[in-house]
Protein chains: 2
Amino acid sequence: MKHGGDILTYQNLYKGRIVDFSSNINPLGPPEGLREAIIERFNTLIAYPDIKYRRLRESIAEYLGCRADEVIVGNGAVEIINNFSMMFNRVVVFIPCFAEYIERPKILGKEILKLKLDNEFKINLNMLTQNLRAGDLLILGNPNNPTGLRIDIETLQKIQGMVNDKGAFLLLDEAFFEFCYSDYDSIRLFYNSLNVCVIRAATKFFGIPGIRLGYAWTNSSMVQKYCYLSLPWSVNSFAEIAGRYIFKDREYINKTKEYIQLQREYMAEELKRIENIKVFDTHANFILIKLLTYDEDYIFDSLIKRGMLIRKASSFEGLDKSYIRVAIKDYDSNKMLIEGLKECLEWRA
Amino acid sequence: MKHGGDILTYQNLYKGRIVDFSSNINPLGPPEGLREAIIERFNTLIAYPDIKYRRLRESIAEYLGCRADEVIVGNGAVEIINNFSMMFNRVVVFIPCFAEYIERPKILGKEILKLKLDNEFKINLNMLTQNLRAGDLLILGNPNNPTGLRIDIETLQKIQGMVNDKGAFLLLDEAFFEFCYSDYDSIRLFYNSLNVCVIRAATKFFGIPGIRLGYAWTNSSMVQKYCYLSLPWSVNSFAEIAGRYIFKDREYINKTKEYIQLQREYMAEELKRIENIKVFDTHANFILIKLLTYDEDYIFDSLIKRGMLIRKASSFEGLDKSYIRVAIKDYDSNKMLIEGLKECLEWRA
């Protein structure tokens, strides 16, 4: 299981509605009004999407606070990761990380250097400086998946300086950015840098993973190189419509941020009370858990029987079968998970 | 202009609604009921598409008369062309052809051998047999774009035999299949072959280019290789919904076939009466025209001023500025084009 969200595969193990803790989607659902916006503009379907995505890129630029010619759009963040991997000979990652940082370059026949995060899942700067070379693409999740950790601002600035000095390129995957409490915005931080690209995604935060819309900020000359490589019309017309609607809904954005913040605190607190697990700190809308007594298969099987799908984390290179990852969802679902985990883990003879 | 359909770029040249003859979409619009099907299943958006596209592939398999494990789905036919290009070291094409047969392998760093179609835009079998090597991917449009010609069944069988003998692979791009009058079905013809893939597309025939759904039939072991390479969730949830709806609408399919057949005859007859052009025969829903006196720029500019966007064909390698390509649309639009062309071409002092 390289990715979460594959409910269909497990539907035979539980008759009712399975609550999906394996993919990290906004529990509040899509913004109100999106449905109507799409129905209204249904006729857009009978033409190709604008091959240059002009209006969509303008909406995103406004949201990000940059120029439209600095915006890339893609079929989810993963297409952007794929196309950046095409542009470089070697990809450098810190494991554990999102599987596609390794998979896409591998499929494209690129060399991959996998460095290890330290015991607290932090980046070892010495290790990075010893290994990073000119022409490398360094891909970092911020927050990282599956750990949920944002890189602190000082470390990130040092990393970018190192990337700059070496003549490498930094691809920051911030697909979960809006879910996080954050004291800095990478786009503002690196706005004048020529060796940084920051990926964001509409998929998760706006609760529309089915619509497939990733986007990124980078310098305009990199955007041009990217557009040369990318598949024509890779973003569909629905994503184009949605993209021109969702970013304006400030109320929805703020409400979700607050909701996730509250649920993150609730989940962390309650999970830490459960015996036989170690709960890692997170800035994101998912939590990595180390199982101290059981393995991921036991917990997965126990929870699917109770109608909950979690993510086994051994599929992340660098983790073993003693880890699971769970999404932060709505209060009722979160409570259900906490109780389910208690039942599995605190069994007493 | 590598692709048609880019109306936005030319909107400043004509104030009213531009009729788009540059992209080849079903003039009858999408099947009735698709709108409702999508509205009904709007909630699908709040989950990821099934990463294995099980139900969608079953619907397509039923439509094509094959097994679901023989079906590939993609973000338009162009993603399938891209991913097949990844699997082979050299790509062989006959020019003029759809630009992406050359672009995608080029971007992927593959060797490309461009052979020329003969003066009647037919494939020279001797030339093919002299040049085709083991491990090559031969990509042929059937019907070919921009010529509109289907390969006759005897020639196609010889080509497939040659591909087989040499240990190459044949990728038949039949994105316009349903628009054509056809005396054979390539999938039936090559159903037991291990070295053929047939691409089809929902985009054009079902009038929904904004929805991005291409698909293909090939043998199941090739499907597995393909799935390993392809981006996760490259087909969005709307395409998934539409794909499970459109193929069942036999009435719409037959109605469109008949309509296009009638309009193809009408257009061919009327265009052939116009002076100073040569009109090529076509099996498809578009027509290639050779300009005997003016060039593509003059005709393009003259027609855009009249609210009609056509395709300059010099962007197809192997053609020069004396060619244009026009779509076959609804009767009123077709008549408008015929009259527009007459005005441009038959000017008398």
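Predicted model: local features only at pLDDT ≥ 70, side-chain atom pairs only at ≥ 80, totals over all residues.
Strands of a sheet pair through backbone hydrogen bonds, in either a parallel or an antiparallel sense. E12(A) pairs with strand E13 of chain A, residues 323-327, in the antiparallel sense over 2 bridges. Within E13(A), A:Ile324 is the residue opposite A:Lys312.

Another element to follow is helix H7 of chain A, which spans residues 153-166 and has 14 residues. From first C-alpha to last it reaches 20 Å, close to the 20 Å expected at 1.5 Å a residue. Its buried residues are A:Thr155, A:Leu156, A:Ile159, A:Gln160, A:Met162 and A:Val163. Viewed down the axis of H7(A), these buried residues fall within an arc of 160° and so line one face of the helix. An α-helix has 3.6 residues a turn, so residues three or four places apart point the same way.

The buried residues of H7(A) are covered by elements of chain A including helix H6 (125-131), strand E5 (136-141), strand E6 (169-173), helix H8 (186-189) and strand E7 (196-201). On the face of H7(A) turned away from the buried side are the exposed residues A:Lys158 and A:Asp165. Just after H7(A), A:Gly167 takes a positive phi of about 75°.

Notes
Residues numbered from 1 in each chain as written. Chains lettered and ligands numbered in written order. Heavy atoms only, no water. Pairing = 2+ DSSP bridges. Helix = DSSP H or I, 4+ residues; strand = E, 2+ residues; numbered from the N terminus. Expected span 1.5 Å × (residues − 1). Buried < 20%, exposed > 50% of the residue type's maximum accessible area, 1.4 Å probe, protein only. Arc of directions from axis to C-beta. Contact = heavy atoms within 4.5 Å.
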